[in-house]
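Biologist: Hi, I'm new to this one. Could you walk me through it?
Modeller: Happy to, here it is.

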Amino acid sequence: RRKKMSRLPKRDLNHTEAGPLLSPGEMQVDLSLLAGQRINQFMGEAIRYWQYIGQSGLALSVIILFLLGLIYYDQLLAGIPNWWPLGITYAIIFTWLCFRTPQRHFIEEADLIFLTPREREMTNYFNKTCLYNLTLQMAGLVVVLILLYPVYRDLVQGVSQPGWAYFLLPIVLKGWNYYTHWSTLKMVEGNIRYTYHLLRLGYTFGLLLWWFEKGPWWFIIGFGLAGIAFLMFDWYLTRDRHYPWLALLELEKKQRSRFYSFCQAFVDVPHSQPQVKRRAWLAPLVSRLPFKQEAAIRYLYLKTWLRSRDHFGLFVRLTVLGSLGIYLLKDVWGQGLLYVLILFTTGIQLRGIKSEHQHHLWFQLFPVQDRLRKQSVQWLVRRLLTLQAVLLAAALWVSADSFPLTFLICLVALVAIHLVYSR
């Protein structure tokens with residue numbers, strides 16, 4: 001036995017199966033490069049998913065919707081009643097866009113062990129991730145500013161208000177909100193952090209309301225001094241505090257899960273962890289299903305849709321926006337095209353529900369045939385599109401004031417839905 005053991009090759013303790021071990025000096029990672037690598041890795045993955053989403057038909061729907069807005073812009077303006085508070089509406093919209101500042105810093109669980117000892121060197125890392133977050137959020141804000149500018153110019157803008165200030169003010173507010181939110185994360189006291197959020201929300205809404213309601217010009221002095229004082233006080237309170245590692249890790253998981261859940265609504269995402277909400281007030285809808293094997297997968301898919309943050313939320317938003325657009329349009333062809341477009345987009349989004357559970361082992365163990373699983377998806381999509389078609393038809397009836405035309409359009413839509421999603 002000793003002879004056999006002596007013939008075994010000696011193991012080099014300086015090498016592993018993956019290669020030579022790193023020396024302590026070589027294990028020092030450039031944290032700025034680490035941030036860039038993680039951002040580039042995620043962006044490459046996100047671009048691939050957006051390509052798949054574009055191929056699903058969503059890009060075509062967005063283009064057609066944009067063209068509809070250009071063609072029927074005058075009718076949309078004419079459909080807005082005179083009593084509607086456009087200034088307050090703009091203030092609410094941009095308050096939400098400026099106040100909402102998601103934090104995504106690509107923190108991983110292993111970082112709590114390996115990067116926390118180097119916290120003093122993390123400034124460049126977080127500067128890079130903050131720049132990434134702010135760039136994406138600014139780009140989204142600018143897109144909304146451009147889309148809403150024609151209505152602002154024609155119906156909201158005051159004579160003495162310059163057009164460039166419409167763009168500059170929300171952009172500055174967005175940067176102010178992002179910095180204050182990032183600093184507030186370092187506060188571990190929940191009540192103080194909640195108070196800061198309320199103050200930040202009130203300040204943002206007040207400043208935007210002053211602008212869109214054309215308040216006295218000298219108010220800008222008070223708002224400017226208050227904003228600067230808030231920044232200085234915020235910096236003073238958090239200048240010596242540690243980075244909130246656990247909070248950043250939870251925010252990272254939340255943002256990543258939200259992105260994958262959105263993609264899951266259009267394409268298959270194997271490693272998605274969708275966020276769910278209980279919505280107990282909708283539970284009676286599920287209890288109406290019969291207790292038998294054929295309805296088992298229907299029960300699962302219906303409950304998945306009701307509790308899903310993305311599938312349920314997109315359905316509601318598309319229905320509300322489609323109804324509003326149909327009501328404001330007065331041309332029957334434009335209304336019909338928007339009607340079909342909303343149903344088409346919703347149908348594309350609902351198809352993604354079939355992949356919600358297909359990667360779960362327990363779902364494969366269900367003693368249910370594949371034919372019943374496919375039929376259950378078609379059953380759910382068919383009923384949801386039927387509900388949406390009826391709700392959009394109600395908006396069309398109120399706008400067009402023609403029951404025969406509304407009934408004909410709705411009937412054609414229902415027949416098409418049942419033909420496409422038939423058994």
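Biologist: What does the secondary structure of the protein chain come to?
Modeller: The chain has 18 helices and two strands. Helices (H or I, at least four residues) and strands (E, at least two) are DSSP runs, numbered from the N terminus. This is a predicted model, where local features need pLDDT of at least 70, side-chain atom pairs count only at pLDDT 80 or more, and totals for chains, interfaces and linings use all residues. Residues are numbered from 1 along each chain as its sequence is written, and side-chain values use heavy atoms, with hydrogens and water left out.

Biologist: Thanks! What share of the residues counts as buried?
Modeller: Of the 423 residues in the protein chain, 43% count as buried. Buried means under 20% relative accessible area, exposed over 50%, and partly exposed in between (1.4 Å probe, protein chains only).

Biologist: Which residues have the most contacts inside the largest nonpolar core?
Modeller: Those are L302, W305, I326, Y339, L343 and L380, in a core of 35 residues. Such a core is a set of buried Ala, Val, Leu, Ile, Met, Phe, Trp, Tyr and Cys residues joined through side-chain atoms within 4.5 Å. Helices α13, α14, α15, α17 and α18 each supply at least two of its residues, and α17 gives the largest share, 11 residues.

Biologist: And what is L343 in contact with, leaving aside neighbours within four places in sequence?
Modeller: With that exclusion, L343 is in contact with L385, Q388, A389, L392 and A413. Contact means heavy atoms within 4.5 Å.

Biologist: How about S323, buried or exposed?
Modeller: S323 is in helix α14 and counts as buried because its relative accessibility is 18%. A polar atom of its side chain lies 2.8 Å from the backbone oxygen of T319. Not counting residues up to four places away in sequence, S323 touches L391, L392 and A395.

Biologist: Switching to the outside: which residues form the nonpolar patch on the surface?
Modeller: I63, F66, L67, L70, I71, V143 and L147 do, with about 710 Å² of accessible area together. Areas come from the Shrake-Rupley method with a 1.4 Å probe; for residues, only the protein chains shown count as cover. Nonpolar side chains (Val, Leu, Ile, Met, Phe, Trp, Tyr) are joined within 5 Å, and like charges within 9 Å.

Biologist: Which element gives the largest share of the patch?
Modeller: That's α3, with five residues. L70 is found in that helix, α3, and counts as exposed because its relative accessibility is 55%.

How values were computed. Patches are made of residues with over 30% relative accessible area and no salt bridge: like charges are joined within 9 Å, nonpolar side chains (Val, Leu, Ile, Met, Phe, Trp, Tyr) within 5 Å. A salt bridge is a side-chain nitrogen of Lys or Arg within 4 Å of a carboxyl oxygen of Asp or Glu. A polar contact is a pair of N or O atoms within 3.5 Å; within protein, one must be able to donate a hydrogen and the other to accept it, and residues adjacent in sequence count only if both atoms are side-chain atoms.
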